[in-house]
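Here are my notes after going through the model you sent over. Have a look at the structure first, then read on.

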Amino acid sequence: MNAVATAAPTFDQINRNAQVYPVSLLPQGGTALALFCAGFHGWNDVVHMARKEMDVTCVDVDSEKLWEMACVYPKPWEYHVDDAWEFACHALADGRKWDVVSVDPFMGDAADKCRDYLMVFCGLATSLVTMTIDLDRPMWAPPGWMAYVFARNSRVGWMVLRRA
């Protein structure tokens, strides 16, 4: 059986495929942590951060896609091949902070586990957290945060959390 090789996307291709995101809340030139970001080479969230000239730390277990992202996104960004939950917990223990934390596990077990880590993600953000949620399973904002849902499609949305 022959494997089919596909070329890594260019920034232009990712940019043209950018998905809906609460872009107006991203600070121009700010900092961001993007967890689970490599699945679609960042077209759900990271591309919007690039447009806002943010400094981004990208974390995913998919080393190949992270490498492809590193080849097309601005330099010098940080790229970590790591478990998102472990990275987040270590970053919190180390006192690291970003203006924005974006968590995009999409659906399934990873999304369920992210619900348990919401306070960790909020602890890493100075102003904004976005997290993919199932629209049939709403979440509540933790103390000190306000939340609303920004729909992505008929099944999922971004839970948008802002400091109260």
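This is a predicted model: local features need pLDDT of at least 70, side-chain atom pairs count only at pLDDT 80 or more; totals for chains, interfaces and linings use all residues.

1. Start with the packing. The largest nonpolar core has 26 residues, and those with the most contacts inside it are L33, L35, V101, V103, F121, V129 and M131. Two or more residues each come from strand 1 (31-35), helix 4 (84-93), strand 4 (98-103), helix 6 (118-124), strand 5 (125-134) and strand 7. Another core of 22 residues lies apart from it, with A34, C37, V47 and M69 among its members.

2. Setting aside residues up to four places away in sequence, V101 touches L33, L35, F121, L124, A125, L128, V129 and T130.

3. Now helix 3, residues 63-72. Here L66, E68, M69 and A70 are buried, and their cover includes helix 2 (46-51), strand 2 (55-60) and strand 3 (78-81). The N-terminal end of helix 3 is capped by D62, which places a side-chain oxygen 3.2 Å from the backbone nitrogen of E64.

4. V81 belongs to strand 3. Is V81 buried or exposed? V81 counts as exposed because its relative accessibility is 54%, and the cut-off for exposed is over 50%. Even so, V81 has contacts beyond its neighbours within four places in sequence: D60, V61, S63 and L66.

5. Have a look at R152, in the loop between strand 6 (145-151) and strand 7 (156-163). R152 is an arginine that counts as buried, because its relative accessible area is 16% and the cut-off is under 20%. What does its side chain pair with? The side chains of R152 and D104 make a polar contact of 3.0 Å. Leaving out neighbours within four places in sequence, the contacts of R152 also include V20, N44, F106, T132, G157 and W158.

6. Last, the backbone. Most residues other than glycine have a negative phi, and most peptide bonds are trans. Against that, H41 has a positive phi of about 55°, and E53 likewise has a positive phi of about 55°. H41 sits in the loop between strand 1 and helix 2 and is buried at 12% relative accessibility. E53 sits in the loop between helix 2 and strand 2 and is exposed at 60%. The peptide bond from K75 to P76 is cis, with omega near -5°; P76 is in the loop between helix 3 and strand 3.

Terms used:
Residues are numbered from 1 along each chain as its sequence is written. Side-chain values use heavy atoms; hydrogens and water are left out. Buried means under 20% relative accessible area, exposed over 50%, partly exposed in between (1.4 Å probe, protein chains only). Helices (H or I, at least four residues) and strands (E, at least two) are DSSP runs, numbered from the N terminus. Contact means heavy atoms within 4.5 Å. A polar contact is a pair of N or O atoms within 3.5 Å; within protein, one must be able to donate a hydrogen and the other to accept it, and residues adjacent in sequence count only if both atoms are side-chain atoms. A nonpolar core is a set of buried Ala, Val, Leu, Ile, Met, Phe, Trp, Tyr and Cys residues joined through side-chain atoms within 4.5 Å.
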